[in-house]
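Please look over the sequence and the model shown below before reading on. The report that follows takes up one topic at a time.

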Amino acid sequence: MKLQVGRNELLSALSAVIGVVERRQTLPVLSNFLLELKDDELVVTGTDLEIELQARARVQNLAPGRATLPARKLFDICRGLPEGAEISIDAGSEKAQLKSGRSRYSLACLRAEEFPAMGRVDDGRTLTLQRRQLKTLIEKTQFAMAQQDVRYYLNGMLLEVSPQRVRSVATDGHRLALSEIDLETGFDAPSQVIVPRKAVLELQRLLDASEDSVQVKIGAGQIEADLDAVRMTSKLIDGRFPDYERVVPEGGDKRLEADRETVRRALVRTAILSNEKFRGVRLSLDGDKLTLQTHNPEHEEAEEELEVGFEGSAIEIGFNVNYLLDALGALDDERFVMELKNADSSGLIHGAGDGSSKYVVMPMRL
């Protein structure tokens, strides 16, 4: 395999794929990129056996072929070369020679036949939507995904596609985030899949806020997202996601409405003196006054009073301050609403003028 390519073009493709390559691998070949040269296109592939990323770059084809090169080393060399440099690569089964100007590099290769391929999703159903729509669905819910929970089905994001709606849901058992968009999907019946945490974060990184389309293909045990120059294929989590609609509280008779940024900043300040382990904050609502209180084992205390709009009888309730900050940070509205029932029931947070994103936070005893 022999090619010539601009440094920026190659670096763009390598940057899109490098995130899936783990530093410590069970198989040596997984630390490598697979480079496949055909016509005037170079396809760069990286995988960890759960997720596969492919990126394409326009190159000058001098001799077609396939080779695997050390991923981190190739990426770092390319990133370290000057802007606009030209790179030539001559790769065989054991060695690859890189040249750029007066720079020369020799890298050890592994056999391309050893590189595992995940395969395409050929028999699935396809959902087409704008990149900004999918990016928004991910950004508004991904922070609530669990990390390494024994309930493995929580270590990802639920993607639910109905005939006229797409919904993303994430929960770690203590809070829940839900976001939806109205869309004619072409699906004749609702479909649910659980996308693994790492795949969700990689997809979030790859998506931009443009109105260009992205095709999401859902097949047996796999999901594939095609962004033209980059394609991601991931295994799905095989499990049953909790019945999240039962968790969303209804009929809260206590309604707080306030400026989102004002409350968020007050929470940030009070959080400084919260218990570092439990991160609890007490909310006291009475009339049009919201009082935030925190304390820690060093007997330090913080208290903030805010003027808010409140309907209902007085209430004191405790929450994890990080969960409240995550929810408020994900909203776009200037004003938000929190609906409450009592001190033992979950709170529901959403934008004052937009119910497309909802956040449920379980209370905690303080």
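## The annotated span

The end C-alpha atoms of residues 129–243 lie 26 Å apart, and the span is 17% helix and 41% strand, where helices (H or I, at least four residues) and strands (E, at least two) are DSSP runs numbered from the N terminus. According to an unreviewed UniProt entry, residues 129–243 carry the annotation "domain: DNA polymerase III beta sliding clamp central"; UniProt positions are given in the numbering used here, feature names are shortened, and annotations may be inferred rather than shown by experiment.

This is a predicted model, in which local features need pLDDT of at least 70 and side-chain atom pairs count only at pLDDT 80 or more, while totals for chains, interfaces and linings use all residues. Residues are numbered from 1 along each chain as its sequence is written, and side-chain values use heavy atoms, with hydrogens and water left out.

Strand β3 (residues 41–47) pairs with β4 in the antiparallel sense over seven bridges, pairing being counted if DSSP finds at least two bridges between two strands. Within this pair Leu42 stands opposite Ala57, and the two strands form a hairpin with three residues between them, where Leu49 in the turn has a positive phi of about 80°. Strand β17 (residues 230–235) also runs antiparallel to β4, joined to it by five bridges, with Val230 of β17 opposite Ala55.

Arg255 lies in strand β18 (residues 254–259), and it counts as partly exposed because its relative accessibility is 29%. Leaving aside neighbours within four places in sequence, Arg255 is in contact (heavy atoms within 4.5 Å) with Gly309, Phe310, Glu311, Val337 and Met338. The C-alpha atoms of Arg255 and Arg282, which are 27 residues apart along the chain, are separated by 17 Å.

Note on methods: Buried < 20%, exposed > 50% of the residue type's maximum accessible area, 1.4 Å probe, protein only.
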